[in-house]
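Subject: Structure handover and notes

Hello,

Here is the structure you are taking over. Please open it beside this email and follow along.

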Amino acid sequence: ALAHLAHGLTAAAAMEEGEARRRLELDLWIARIKALMSAEGHASRHLHEAFRHAQDLCEQLGAASQLVTVLYGQWSHAFVRGDFAEALRQAHGLLALADTRGDTVCRLIGLLAAGLTSLPMGAYADVRGHLTQGLALFDPQQRAAYAAPVIGDPRVLMLDYLAWGLMCEGRIGESRRAIETAIAEARALGQVWTLAQSLSSAAFFAATLDSAEAGLRWAEELRQIANEHGLAYFAASAAGLVGWCLALRGEPQQGCALLRKAGDGLRDAGSLLWVPSFIRMEAEAIGAMGRIEDAHARLDEAFALAADTGAYWDLPELHRVRGGLFAAAADPGAAERALRQAVSSAQTLGAKLFELRAAIVLAGVRAGQGRHAEAAALLLPPLDALADEDARDLRAARTLLGTLRAPAVQR
């Protein structure tokens, strides 16, 4: 596609100057933007030139609908680079433009952009609010019109990120239904990029909520599709997800190599969006090999990068891993401080799942000190909040609680 578009732009440049030529060039530049995003990722360094030419032509021609495509592209470029303040500004600009024009397509795209930006910032209520509005606005008869400005299918994208936010909030059942719907619709649409996006989400959910093996199945399918179709961004993400799943199932050395490859690949593509999370996963795997100081060093990098970008969505997980490293080094005081910070930050974000995960580790630290009643009391609030949900961590917490409440002779 990129090769054909380059030839097309060369041919257009040889045409007589005029509106017909400018309209043709605009179509070519917008197609080039989408091809660059698909092949090289939304943070591709080659996008700046394409955005500049396309926006200039939109302004010359008064091409309102195509301007939405360019503005969405600029939003996604900032989003994937980890410039969330700029991405949020671009999303609000789309919503303001929609209000000015009374344009429902622009409004849906603005809600999509605002909802997606809110996720890495840890604003889970905003994720749910924006994306629920977007899904309610979505008219299946207008699916092609909604899809025209974006890469992938907007409805599937909204379901993916809504599922992610719901999972973090601890609304596990709703999250599972959303991602199952997203995967089914992505397969039915037959769009490779859309399916790759949903597979990456499904791999993360399965590894988090169910098992390493479940996550690995999705991650391997993602890796196959990304490699087959030359999707550099998703190839890097797939490597990281496969590596994380391998580490979770007891193969940390192989997992670390793939996680490092993923982080380096994403940075090479200009993307910082999920890099702190992949570094956190790598740090946990390094710790599992007994290299505690190396793990702390990697975790320091993840904290710094999260602070630079504002990617606070899994800040509680960073603190949880830090606490686990201290616990492994037989430093229960430092472990407790880090894990209390994990619980506190999860409560601030409203991340019930992450609060539970941190509480499980902290309860283990306290139980190791013989503080069984305190450990049990720590598990009760998140378990009560998630009483109607089901996931691996919930089952582990309920089992641990039963053990802590058992008579001392049974323990």
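The model is predicted, so local features are reported only at pLDDT of at least 70 and side-chain atom pairs only at pLDDT 80 or more, while totals for chains, interfaces and linings use all residues. Residues are numbered from 1 along each chain as its sequence is written, and side-chain values use heavy atoms, with hydrogens and water left out.

Helices

Helices are DSSP runs of H or I with at least four residues, numbered from the N terminus. The expected span of a helix is 1.5 Å times one less than its number of residues. Buried means under 20% relative accessible area, exposed means over 50%, and partly exposed lies in between, with a 1.4 Å probe and protein chains only. Contact means heavy atoms within 4.5 Å.

Start with helix α13, residues 232–248. Its 17 residues reach 25 Å from the first C-alpha to the last, close to the 24 Å expected at 1.5 Å a residue. After α13 comes G250, with a positive phi near 100 degrees.

Helix α15 has 14 residues and reaches 20 Å between its first and last C-alpha, close to the expected 20 Å. It is mostly covered, with 12 of its 14 residues buried. Among the buried residues of α15 are V275, F278, I279, M281 and I286. The cover over the buried residues of α15 includes α11, α13, α14 (252–268), α16 and α17. G290 follows α15 and has a positive phi near 90 degrees.

Helix α17, residues 315–328, has 14 residues that should span 20 Å at 1.5 Å a residue, and its end C-alpha atoms are 20 Å apart, which agrees. In α17, 10 of the 14 residues are buried, and the helix is mostly covered. The buried residues include L315, H319, R320, V321 and L325. Among the elements that cover them are α15 (275–288), α16 (292–309), α18 (332–349) and α19 (352–368).

Helix pairs

Axes are lines fitted to C-alpha atoms, for helices over the stretch in contact, and angles run from 0 to 180 degrees between N-to-C directions. Angles under 35 degrees count as roughly parallel, over 145 as roughly antiparallel, 65 to 115 as roughly perpendicular, and the rest as oblique.

How do α11 and α12 pack? Helix α11 and helix α12 (residues 212–229) pack at about 155 degrees, with their axes 8 Å apart. That makes α11 roughly antiparallel to α12. Their crossing is left-handed, a term used if the near helix is turned anticlockwise from the far one by less than a right angle (right-handed if clockwise). Residues of α11 at this contact include V192, L195 and L199, and those of α12 include W218, L222 and I225.

The axes of α19 and helix α20 (residues 372–385) come within 8 Å and cross at roughly 170 degrees. These two helices are therefore roughly antiparallel to each other. The contact involves, among others, L356, I360 and L362 of α19 and L378, L379 and L383 of α20.

Single residues

Q197 is in helix α11, residues 192–209. At 7% relative accessibility, Q197 counts as buried. Apart from its neighbours within four places in sequence, Q197 is in contact with L157, D160, Y161 and F234.

G333 is in helix α18. At 32% relative accessibility, G333 counts as partly exposed.

Is A330 buried or exposed? A330 is exposed, with a relative accessible area of 65%. A330 lies in the loop between α17 and α18. A330 is not a glycine, yet its phi is positive, about 60 degrees. Most residues other than glycine have a negative phi.

Cysteines

A disulfide is a pair of cysteine sulfur atoms within 2.5 Å. By this rule the count is 0 disulfides. C168 is in no disulfide, and the nearest cysteine sulfur, that of C245, is 16 Å away. C168 is buried, at 0% relative accessibility. C245 is in no disulfide either, and the nearest cysteine sulfur to C245, that of C256, is 14 Å away. C245 is also buried, with a relative accessible area of 0%.

Regards
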